[in-house]
Amino acid sequence: MAKQNRGPYILAAGAGVQLLTGIPAAWGVFQRPVMQGYGFSRGQAMLAFALLVAAYGAGCAAGGLLQDRRGPRTAGLWGTALLAGGFFAAALTPPGSIVLFLLVYSLPAGAGSAFLAPAVLACAQKWYRGKKGWATGVTGAAMGLSGAFYTLFVRGVGGAWGIRACFAALGGVMLLVCGAGAALLQDPPAAPQAPLQGLAPRQMLRTPQYRLCAAAVALSAPPVLLFSPEILSLAADRGLPEAAAPLCVVLGSLASAAGRLLCPAASDRLGRKRALYGVYLGLAAGSAWFAFAGGWWMPAAYALLTFCYSGAAAVQPAFNTDLFGLRHAGVNYGFLALGMCGGSLLSYLGSQALGLTARHWLAGGCALAGLACVKLVKPLPPACKKRRGV
């Protein structure tokens, strides 16, 4: 087929890949089986989750650099190998080996997801330059559905054969689906009359705009990551029937998909900053609601948080390319995702050091601080753009 007609296929391939890379949003359904199957404590299981998210943030920079230099297909195939390899290795890890589990699962699985994300997002935006937010949302919505997919898969396969068999089966699915999706990725044909422009990573890193955006990414994480690993036990403590607790993950996943689809599409019409104002205000309001919600209101409050958190994550890549251009979109998005490392570390430390009430205060404060960071971001000065070739 002609390259110029491949846009819809790129979106479909990206959606298939993203369905399997949303592990952080679904960790709540993994937490208890991992603790039981490997003999880990609560803190050890949460450390595995925090390190996975941190590896994702750090790996985005390396994955983005590889995508920009060798193309999205190469980055995607490397990401598939790391992601599937991490799940296969986890299936073989003996009980009680937390250090080995962190090394063979958390690090490669997080990095593999990170190699895949910039490849998919940058590729989709290049095919749909005039609708970058919409293209990001279509592929990102599939990542939002990861929670629902993993809930069904872990409870089905893991419930019948144990978490190790579940990890092995997931590794096989990832190898097949992500490998096939990555093989379809390719950049659009070059357009000599409209070459891609943008700041090089070294130039971007020196701007206050980058530092504010990375801080905003970090501050968007605690309202969700402080609670998502323990969402099932929190739901039970708040009065939700134990059999219904997994609905928190499923409803949160559906809300996440909606946020990833609707927020970037809205940002194409309303502007990136207005869309980000809305999602950070939603994170602040959702944090206050979540602090007091009980019974069936609790999953509703959690869904609002996941909608806004995923909405922010989906708008940021388009906001990034608006500011810094498309020429180095992959690696520049990777450096922006370094904020996830800080957000993951802050969330882990908060979950271990603070009581539940204090964690709710931290979540709301981070959301408001993230809003302030977005407010302070200004467009690059025209002279700066001209000097740097934007």
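**Reading helix packing and the core**

Guide: Helix 3 (residues 42–70) and helix 17 (residues 338–353) have axes that come within 6 Å and cross at roughly 165°. This is a predicted model: local features need pLDDT of at least 70, side-chain atom pairs count only at pLDDT 80 or more, and totals for chains, interfaces and linings use all residues. Residues are numbered from 1 along each chain as its sequence is written, and side-chain values use heavy atoms, with hydrogens and water left out.

Visitor: How are two packed helices described?

Guide: By the angle between their axes and the distance between the axes. Axes are lines fitted to C-alpha atoms, for helices over the stretch in contact, and angles run from 0 to 180 degrees between N-to-C directions. Helices are DSSP runs (H or I, at least four residues), numbered from the N terminus.

Visitor: How are helix 3 and helix 17 oriented to each other?

Guide: They are therefore roughly antiparallel (angles over 145 degrees).

Visitor: Which residues make that contact?

Guide: Contact means heavy atoms within 4.5 Å. Helix 3 contributes residues including Met-46, Ala-50 and Tyr-56.

Visitor: At what angle do helix 1 and helix 5 pack?

Guide: Helix 1 (residues 7–18) and helix 5 pack at about 160°, with axes 10 Å apart. Helix 1 and helix 5 are therefore roughly antiparallel too.

Visitor: Which residues touch the most other members of the largest nonpolar core?

Guide: A nonpolar core is a set of buried (under 20% relative accessible area, 1.4 Å probe, protein chains only) Ala, Val, Leu, Ile, Met, Phe, Trp, Tyr and Cys residues joined through side-chain atoms within 4.5 Å. Here the largest has 108 residues, and Ile-23, Phe-30, Tyr-105 and Phe-167 touch the most other members. Helix 5 (residues 98–127) gives the most to this core, with 14 residues.

Technical notes:
Helices (H or I, at least four residues) and strands (E, at least two) are DSSP runs, numbered from the N terminus. Angles under 35 degrees count as roughly parallel, over 145 as roughly antiparallel, 65 to 115 as roughly perpendicular and the rest as oblique. Buried means under 20% relative accessible area, exposed over 50%, partly exposed in between (1.4 Å probe, protein chains only).
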